[in-house]
Amino acid sequence: MLFQPAAAQTKTVTGFVIDASTNEGLPGVNVVAKGTSIGAITRADGSFTLNNVNQGQVLVFTFIGYLAKEVTVGEANRLEVNLSPDILSVGEVIVTALGIKEERKNLGTAVTEVKGNDVIQTQRINFVDALQGRVAGMTINQSSGLPGASSQVVIRGISSLSQSNEPLYIVDGLPYNNRTFTTNSLASATISGPSLENRYTDFTNRAADINPDDIESVTVLKGPEATSLYGVDASNGAIIITTKRGKAGTSRINYSNSFSIVKIIKYPDIQRVYGQGNYGMTDNTSFNYFGEAYASDSVLYNNIKPFFHNGFTQRHNLSMDGGTDKVSYRVSMGFNDVGAVIDGAGQRKINLSNALHGTLNKWLNYDFSLAYTNDFVDGVFKSTYGPMIGLLRWPSGDDAENYLNPDGTRRKLSTSSSEFDNPYFNVNKNDYWTKTNRLTNVTSLNINPTEWLLVVGKVGFDFYSNQNYILRHPESNLAYSYGGMLDDAVANNRSLNIEYYANFKKEFGGLNVDVKAGSTVYDYSYKSVAGFGQGFLDPNFASLNNIPPDKQRTRSVLQQRRVVGVFGVINLNYNRFLNVQLTARNDWSSTLPLDNNSFAYPGANFALILSEIPYFKNFSWLSLAKIRGAYGMARKDPPPYGVYPALESQATTGGGYAYGFTGPNPLLTAEKTTSKEAGIEVRLFRSRIGLDATYYKKESVDQIISNLRLSYGTGYVLSVMNGGTMWNSGLELQLNLVPVDKVDFKWELMANFNKMWSKLTYLPTGLKEFYNSDTWIYGNTRNGAITGESTTTLSGLRYLRNNNGDILINPQNGTPVRNTVWEAIGDRNPDFTLGIINRFNYKNLELSMLIDTRRGGDVLNATEHMLVTTGLSNQTLNRYEPVVVKGVLQDGLENTANPTVNNIQIIPALNSGYYYSNIAEEDFVEKDVNWIRMKDITLSYNVPKSLLASKAKFVKGFSVFVTATDLFLITNYTGLDPVILGNNAAVLGSGSAGMDYGNFPLPLGVNFGFKVGF
Amino acid sequence: MKKILSFIIITGTFLLSTGCEDYLDINRNPNGPQEVTAYLYLGPMQQEFVAGIQWDSRFTGYYTQNYAYYSTNYAYDLMGTPAWTSDNGGQMWRSVYWKMGWNLSDMIRISQAEKRWDLVGIGYAMRAWGWMLVTDHHGPIILKEAFQPGLYQFNYDNENVVYTEVLSLCDSAIKYLNRTDGIVSATFTGKGDQIFAGNRIRWKRLAWGVKALALNHLSNKSTLYDPDKVISAVDSSMTSNSDNALIGFLGTLSTDANFHGPLRDNFRYALPSKFMVNLMDGTTLGTPDPRIRLMIPPTPNIVNGVAGAKYSGVTPTLGYTTYPAADRPYNFYGLAAVGQGSNTTTGFYLFRNAGKFPLMTYPELQFVKAEAAFRKGDKTTALAAYSNGVSAAIDFASSNYAGATTWGTVTAITAGEKTAYLAGVVPASETNLTMSAIMIQKYIHLYAWGCPETWLDMRRFHYTDTYGTETTQVYNGYVQPPLAAENNGKVIYRMRPMYNSEYVWNSASLEPIGGLATDYHTKVIWQVIPE
């Protein structure tokens, strides 16, 4: 007779297993009492029942993709167990090119996955912003801290001088348009005064239309090695988004909300000692501040602080999902009402989505998704036209809040035409908004007739319509001499995408062969129709209908582009320890000359998984050891219509036709980037320590350079041509640690390190600098790339120096002489960036945070240069102290052994030119800007399932959270915020990151909310 | 299953072979045509041509002391050069190379194929004129290598090479404008021609006019200059004020408004110069000029109840604050205190939003003839041409600029005023005619619109020359201003080529012509070097 334990000692334990990342029940988890055969598998809602267990016995919970957990049975009969996704899971499956799920360990390239829940937790309206710091090698810059700002994503550096460096966005397997509206589509673009040049406006990058709450996961493919199967648009990397699907089982309703307050934590500062004027003399028509000191009894206002206020945001998300093993569905709705720190800015966004997944029979299943976005952004002007500049330039002797006369007209301080717009007037009376309606769909069919064959076909459309309305008020400084200006434009974007492939799989002994072959067709169409008018008949009615016919202009822009591609990929896996992949793709693009429109690119990669080799399997401490290497090529086609000449209708008197700026180039070819990467990945002690290191180098040749300025001897101003060679290389490290892993307390840490190098090695026609003129937003500075320098330089006109490096001084007035050749004045590329993610779990409490740090990299503080040159900066308070500018006189002796040292004394205050014309922007490039920024920090509490089960049975989950975004910024940068783009994300090439002129900083946001599931 | 697979393969193959070529052939820009009917090129080129002249005269007008700046030591008053990185002074470059450039070549090519000889001739005349203006403005320019496909750097040709080409283009223009075969049609050409509405005869006279100017520009070249050729070219050119080349503007938006008009607000700070006011008010010539009320903005000062009765000329570099506020001149928009122009400002003289702007006139050519005859020693012809010139110049001003202005109405010149003035400035005997009188009258007539010609004239006389045995300086009363530091003590003789076109992208070609020197603008152009 066997020994029977006392009946009192055995009991039945019930409980829930919960996914710690989503707070939802986790079905299919294996529960085993350690050392016994007693076990169970969790049900659809995550519940389980285990009979005959003893107190003190250890239960082991395991589930693929999650970290295993051991729990000792105590006195309680109910258990609640949180399983955390194993971010390092060796068996983890992630989505890669073509939407194919692959085992992570087999990948020959560096791929990063971010879970949808981590994105949601950051409470960002534009999900792109949630990725900053989470992916090594990926940099995100926002155009402003105001709602609806565009975000520019650059992965592994600038690989194109004049084309887009944005990655391709893929949602549920097909491209998702991320275009940012450009002011070139406006009818004012052809009129030199009113033209906005992408400098004074901002429009959302349209990937922001995705509802973060719908995101299941985001996979980032970084280089051509990983993306070549996606073809021509993915040469800068790809962001692959998988949206949520319903799960089989009981239906579920989830509701979450968030209420937040945003506020400015750092205010700009100006001097309030000297008043308006020049040369030490008061002049109240001047908006320079080189006048006499304010009288001691003057009433001075601090206009800056009251201009900002707290912004209030509310968000609600509701989703329903469920289904059977044949059909599952998910329906979701999102609503966001976003407030800003100033008047005149805000956003309202509504998302609706439907997803349906079904199995028709044993060899056919389908997937269907439809998403609708309605987005309204109320914006303000940017840079020179923006309220920040007007706010800073406003005299402290005047109360800026009092911006209207009693009769409601603009209160002016002077008759001067150079009077700045009162910032309140600017944001309240100018009107500037964008409405977007977007509908996207992906329908896919998977045909799986035999075990070795799978045929996948996907068809989708992506359609959106933008309405842009930009009113410059008739009384505003921007437009009063025009009697008001109005741009009104509708832009329609339409993409039709088809992708299909066949997948053959077969195992031969230890060799797994997987072959895919297929084709894609991408068809893009863009059409905008725009009207512009100036001079309103009735100044109070802003509409194109209110403008005399002779002062209206229209502009229609149609752009079409089609790309047809075929691809093939062979994947060989030998005994699970060696994986070799060969890829090839050929594209035909409509934007190239017809007889030269085909281009191919190969790729190859391998992964050697040492830990799968029998010898290494003996080391129990070694969870994974892997060596990988990859080679890939990417090609990029030119923008449409560069090949054939086209005339443009002219707005001069009488009209007519003439060639535009850019000459045709019938010899265009696709630009080529080849990239190599090598990496190792090691995980130790059941993945509690993990290190993933990647080094890459990519070289781009035959760069397509658009808007290349030429001698007018060509008969044109600009050209698009091939030429230009550059390389980028970088080191990416990802460290994962689980320092503490106890039953009730767990600490996970992940760090992303990124360092990049780059060099522009060649430009055509002996050209020394290439720049994008849109970035010429301030003074003599722009994003000029110079041969022999890195690809991220800023260029400017520096002080002229002698061979010895001394500044040359004008012998007549004692002020420095400026060079006339554009030179590099700074490099925006940081020494390195480091993102640190920490997550602490204590019982049902979770604290997670992302710290974004950067070391080095230059930022142009143009705002400060403006403040100095207008006498507003505190740096100018010593203006009456005589100075002798350090340097040598430009008197012909400057390059001799005995140059004349400058001894000309000047009093800056009486010589406004000292500040105004002779202080070079190079002095305001802040070198080696470092920062530590708390991007987001979240504290959440999950109400225990057991509590819910006893108190409110119908509630399946309940959690509360508080999230702070951009909580603090520690930096040596003296301006407001070093991460803001000078323009918006529509600007191509190296863009305008690191150019700070009148920008609004990222505000601090504090969000509260709860999530409930029924 | 096999069916599905073969369907996919078949559609795929179809797309890639048969359909693909057509499917991808969508790269011809749908936003603009590749070629248009010939006259549609003409209007924008004429508008850009005049804009180039106007824009650059915003600088050269200070060199010639047509106007002076309202504040002190203005760089152009000092005969300085635009800031090194500025495109200022490069607008004719832009209009000739780009705005005319391929458009003009295409218009000539299409017209030639269609036997529209009038448009071909107009094309050649405009090309000749354009090349002449840019070489007079800049010195050496890109000529032979211009518009050659595949070239991205361009060598410069010297001024003599350009002049040879200009004269040859004039001959081609005249040859085509003489033809009436083919499908020469004033109706067709007139749809684009904003200068002569397609009138072939007037264009032919204009082509002769360009030739006359070009031949006369070489007056300092003993071997090249032939006054008889100048005289005969003038005689084939314009016959009266009705042949004048004028161009108009719609004047509603900045793109279609007169560059000189108040809407564009480009001349807000330009004020009449002391030199010019002295020429007009009788100080220099002894005879007050009745055109003064039409051409010179007065001061707000009301003298004996009469508005617009007092004039002040601003001395270059001194600014207008040398006068008390009431005596500071209105600017050319007719606004006090250098007021800002707008689309509702009426304007004054040439400075109106929709006004007509002269490009070449009958009186101008008569003064050219007078100069050539005078140099030849044929003073009888010289006096006749001079007399014609002054008379027609007065008629021209009177008929074009009388009427409402911003500050008040100015009346036309009466017959009596004209007679009195002619009596004062036209000598009874040819022996009393002077080169100075001819050039001064030409200067007055070209005031504020003929800056390219005036500047070249003044450079031909090195600003301060005295002609032959005459006792007064040709530009009587002209005082050379203090000079900008970068001039190294020398007066200005040329504009640097356009910065963004040449200094940034073609600087290797500038080196051989000395274009990188900081005082390049003081280098004397070939046209005026005596040889």
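Biologist: How many bridges join strand 55 of chain A to strand 56 of chain A?
Modeller: Seven. Keep in mind that this is a predicted model. Strand 55 covers residues 931-942, strand 56 covers residues 957-965, and the two run antiparallel.

Biologist: Which residue stands opposite A:Tyr941 there?
Modeller: That's A:Val960, in strand 56 of chain A.

Biologist: And how many bridges join strand 56 of chain A to strand 59?
Modeller: Nine, and that pair is antiparallel too. Strand 59 of chain A spans residues 1004-1013. As an example of who faces whom, A:Phe961 sits opposite A:Gly1009 in strand 59.

Biologist: Switching to the surface of chain A: which residues form the nonpolar patch?
Modeller: A:Ile253, A:Leu318, A:Met333, A:Ile350, A:Leu352, A:Phe954 and A:Phe1014. Together they have about 560 Å² of accessible area.

Biologist: Where does A:Ile350 lie?
Modeller: In strand 23 of chain A, residues 346-361.

Biologist: OK, chain B now. What's helix 3 like?
Modeller: Helix 3 of chain B takes in residues 39-63, so 25 residues, and goes 37 Å from first C-alpha to last. That's close to the 36 Å expected at 1.5 Å a residue.

Biologist: Where is the kink in it centred?
Modeller: On B:Ser57, with a bend of about 50°.

Biologist: Is helix 3 mostly covered or mostly open?
Modeller: Mostly covered, with 22 of its 25 residues buried. Just after the helix, B:Gln65 has a positive phi of about 55°.

Biologist: What about helix 5 of chain B, how far apart are its end C-alpha atoms?
Modeller: They are 31 Å apart. Helix 5 has 22 residues, 117-138, so at 1.5 Å a residue it should span 32 Å, and the two values agree.

Biologist: Why call helix 5 largely enclosed?
Modeller: Because 22 of its 22 residues are buried, the rest of the structure largely encloses it. Next comes B:Gly139, with a positive phi near 85°.

Biologist: Last one: where is B:Tyr97 found, and is it buried or exposed?
Modeller: B:Tyr97 is in helix 4 of chain B, residues 91-113. It counts as buried because its relative accessibility is 0%.

Biologist: How far is B:Tyr97 from B:Lys229?
Modeller: B:Tyr97 and B:Lys229 are 29 Å apart in space, C-alpha to C-alpha, and 132 residues apart in sequence.

Definitions and conventions
Residues are numbered from 1 along each chain as its sequence is written. Chains are lettered from A and ligands numbered from 1 in the order in which they are written. This is a predicted model: local features need pLDDT of at least 70, side-chain atom pairs count only at pLDDT 80 or more; totals for chains, interfaces and linings use all residues. Side-chain values use heavy atoms; hydrogens and water are left out. Patches are made of residues with over 30% relative accessible area and no salt bridge: like charges are joined within 9 Å, nonpolar side chains (Val, Leu, Ile, Met, Phe, Trp, Tyr) within 5 Å. Accessible areas come from the Shrake-Rupley method with a 1.4 Å probe; for residues, only the protein chains shown count as cover. A salt bridge is a side-chain nitrogen of Lys or Arg within 4 Å of a carboxyl oxygen of Asp or Glu. Helices (H or I, at least four residues) and strands (E, at least two) are DSSP runs, numbered from the N terminus. The expected span of a helix is 1.5 Å times one less than its number of residues. The bend at a residue is the angle between axes fitted to the seven residues ending there and the seven starting there. Buried means under 20% relative accessible area, exposed over 50%, partly exposed in between (1.4 Å probe, protein chains only). Two strands pair if DSSP finds at least two bridges between them.
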